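Q: Could you walk me through this model, starting with its pockets?

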Amino acid sequence: MAKTALVISGGGSKGAFAVGALSYIHEHVRPIDQFDIYCGTSTGSLIVPLAAIGELELLKQIYTTTRQTDVLNMGGILNLLSQVSLHDASPLKHLLEINLTSARFDKLKASARQVFLATVCLQNERLTYFSIQPAASADAYDVVQMQTVTDLQRAMLASSCQPVFMQPIEWRPGANPVRQFVDGGIRELTPFQAAIDQGAETIIAITNNPAHTPEDNEPIKKAMGMLERTIDLFSEDVGSNDYRLATFCEQTNVYLNVIRAKLISQGVSPSIVDLAFAQGSSPVANTPVKQIVSIRPDVKLTEGGPGGLTFDPALMQQMFQKGIAAAKTVFTQTPVENVIA
């Protein structure tokens with residue numbers, strides 16, 4: 001049976017856009033707990049475990065009512081001289097402990113849904129997915145299975161902690177060698193790789209940033225403006241690479257299927273076609289993805305602030321509504337029956 005995947009990017013408070021899109025998907029496309037594979041980076045990693053067990057109302061509450069103090073203890077620039085990060089993410093840790101309970105972890109594990117949370121290890125620089133179900137590592141990434149609710153909470157926190165702004169998370173405190181993990185968006189903003197490698201044929205991807213950062217012809221005169229612009233450019237570059245690989249696999253599979261159908265329609269035996277296609281090394285072997293449906297804002301979500309670190313309920317509600325509108329536009333243009341078989 002063809003597998004489906006839900007993939008959600010990073011973006012901090014801009015995750016409100018993703019939750020808005022999810023609310024539309026749940027009502028008009030497919031229940032959000034009925035995908036086979038769930039992949040998230042940063043704020044996406046906070047969303048997908050709850051989406052996989054159908055906790056849409058809880059997600060709406062979190063992403064429309066959370067305040068700055070619920071996520072970060074804001075620090076000053078002097079913290080960079082004596083601490084590991086500018087801000088302290090202890091409030092976010094507490095928020096996760098409240099909402100990601102043992103009962104929810106057990107339900108997630110029992111669901112048999114494949115859930116992957118993207119992080120980056122500071123010591124070996126590897127993209128690392130933390131997964132609910134067993135999965136193999138690959139040349140491009142490592143996979144670590146989560147065994148307990150504490151593992152899940154720690155992995156979600158690690159995936160969300162932007163380096164410099166928030167502290168890295170030590171996976172097993174005191175272990176040797178030490179392993180500290182940070183925001184997976186350094187390597188993969190929209191985490192397609194695990195979904196493709198796990199055999200997804202249809203992927204719905206929600207990316208909380210536009211495809212291109214618009215021109216800004218005003219001079220940058222302050223350090224914060226420089227930082228914000230740099231984050232935009234970095235995110236666009238990483239995100240473009242994510243989509244480039246995923247789209248290559250999608251387009252190649254579609255092309256090969258057209259060629260296969262054409263040969264068979266011309267009288268070539270299906271067995272001979274299969275034998276011919278089996279020759280050589282296919283660049284998309286074992287990656288059956290045939291359709292990627294992308295939902296993203298047309299313009300930058302300025303409500304989220306630099307790095308998505310502004311948590312204001314009124315502004316998050318605006319981004320939530322933008323997510324609903326974006327999903328509606330996409331699925332109006334792409335008939336539902338062609339999205340989810």
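Q: What is the volume of the second largest pocket?
A: The second largest pocket has a volume of about 280 Å³. A pocket here, on a 1 Å grid over the protein atoms alone, is an open set of points with protein on both sides within 12 Å along at least five of seven lines, whereas a cavity is a set where a 1.4 Å probe fits but cannot get out. A volume is the space filled by probe spheres set on the points, which are joined across faces, edges and corners.

Q: Before we go on, what kind of model is it?
A: This is a predicted model, in which local features need pLDDT of at least 70 and side-chain atom pairs count only at pLDDT 80 or more, while totals for chains, interfaces and linings use all residues. Residues are numbered from 1 along each chain as its sequence is written, and side-chain values use heavy atoms, with hydrogens and water left out.

Q: Okay, which residues lie nearest the centre of that second pocket?
A: Of the 14 residues lining the second largest pocket, Asn 253, Leu 256, Arg 260, Ser 282 and Val 284 lie nearest its centre; a lining residue has an atom within 4 Å of a point.

Q: And which helix gives the largest share of its lining?
A: That is α10, with 4 residues; helices are DSSP runs of H or I with at least four residues, and strands are runs of E with at least two, numbered from the N terminus.

Q: What about the largest pocket, how much space lies in it?
A: About 520 Å³ lies in the largest pocket, and among its 25 lining residues Gln 162, Ile 231, Phe 234, Ser 235 and Gly 307 are the closest to the centre. Helix α10 (residues 223–265) again supplies the largest share, here 7 residues.

Q: Switching topic, is strand β2 mostly covered or open?
A: Strand β2 (residues 37–41) is mostly covered, with 5 of its 5 residues buried, where buried means under 20% relative accessible area with a 1.4 Å probe and protein chains only.

Q: Which strands pair with β2?
A: β1 (residues 3–8) pairs with β2 in the parallel sense over 4 bridges, and β3 (residues 114–121) does so over 5 bridges; pairing requires at least two DSSP bridges between the strands.

Notes: Buried means under 20% relative accessible area, exposed over 50%, partly exposed in between (1.4 Å probe, protein chains only).
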